[in-house]
Amino acid sequence: MMRSDPRALQLNDQGQLKHFLTLDGLSKNILTEILDRAESFLSMGEQSVKKVPLLRGKTVVNLFFENSTRTRTTFELAAKRLSADVINLNIETSATSKGESLLDTLKNLEAMQSDMFIVRHSDSGAPHFIAEHCTPNVAIINAGDGRHAHPTQAMLDMLTIRRHKGQFEGLKVAVVGDILHSRVARSQLHALTTLGVEEVRFVGPKTLVPEYFAELGATICHDLRAGLDDVDVIVMLRLQKERMAGALLPSESEFYRLYGLTKESLAWAKPDAIVMHPGPINRGVEIASEVADGEQSVILNQVTNGIAVRMAVLSMAMSGQMQAQQQEGGE
Ligand code: NCD
């Protein structure tokens, strides 16, 4: 089947988001708009009444084909704070497991006049496929697909960096660990290069940090000390064993010894470097507890920022989708 370019598919005729599938190809202006909008929602989260009516009357369906707690709950909170009606579809217990095809399930949800699907799937490209072939009038938000992309995670990471460092220019960022299986690292690379950081280093063993990432603009580093030298931001990633086909590592303790972020290895970065992690964290495998809970850690700020970023993305995509439909209706 012919596949259109997700970069074009996610924009309407005015160049605004109508889906949110990938950061690849999105302009610095759009990324900055997401961050600025998220910033305004952040201050709202501190007030006693946390709701705005931007998605009032809209139905948002959380479609998670793969496990998640943080991402699913923060999407749910974001949609609720925008006043949408939210349905969480548990795929395990849905009709799909009674033999109904995914396409039929989606068509039924569309017939219930859903306006937005938030999709997580273990297959790369699944949200794009749904946007293109199944439900073109529903805004599709990618909540993580296979190894391909996790655009809202990368944008909440960008918000966290901007709030702590003020700007992107001149920053050196190290992403450490299992890059090979990480949709987060791929989306971060797009965001960081578009927003204009000085350097993105991908750090880890040869089996988990293949050289081809250099073609996408990352500096490849197989030594932790060199990788952390003089960096402003450290992003630690977990070993994503569920996506590993074979044994790519000698052992977890060996990995920790060579690439774990401990108090000692953290000292190789700039003294004011921040430590980030998308979660779930594995203490004593990629990060020491005292670092995860330490002063330089902003891991829980990332979670809070995730709600604001998701509110920004949902509201932008919904308005772009509505404009696209109005235009089609008027033609
Ligand atoms: C990430 C994911 O699902 O890709 N986690 C997340 O969204 N919070 C990273 C991971 O699973 O390691």
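Which helices each supply at least two residues of the shell around the ligand? Some notes on that and the rest of the site follow.

1. They are helix H3 (70–81) and helix H7 (183–195); helices here are DSSP runs of H or I with at least four residues, strands are runs of E with at least two, and both are numbered from the N terminus. Bear in mind that this is a predicted model: local features need pLDDT of at least 70, side-chain atom pairs count only at pLDDT 80 or more, and totals for chains, interfaces and linings use all residues. Residues are numbered from 1 along each chain as its sequence is written, and side-chain values use heavy atoms, with hydrogens and water left out.

2. The shell (residues with a heavy atom within 4 Å of the ligand) includes Arg70, Thr71, Arg120, His150 and Gln153. Domain 1 (6–149 + 304–330) and domain 2 (151–299) both contribute to this shell, so the ligand lies between them; the bounds come from an automatic or database domain assignment.

3. Now the polar contacts, meaning pairs of N or O atoms within 3.5 Å. A polar side-chain atom of Arg183 is 2.7 Å from a ligand oxygen, and a side-chain N or O atom of Arg238 also lies 2.7 Å from an oxygen atom of the ligand. Gly279 uses a backbone N or O atom, 3.0 Å from a ligand nitrogen. On its own the ligand has 310 Å² of accessible area (Shrake-Rupley, 1.4 Å probe), and the protein covers 94% of that.

4. Worth a look in the backbone: the peptide bond from Gly279 to Pro280 is cis, with omega near -10 degrees. Pro280 sits in the loop between strand E9 (274–276) and helix H11 (289–292).

5. Ser83, not a glycine, has a positive phi of about 75 degrees. Its loop runs between H3 and strand E2 (85–90).

Conventions:
Polar contact = N/O pair within 3.5 Å; in protein donor to acceptor, adjacent residues only side chain to side chain.
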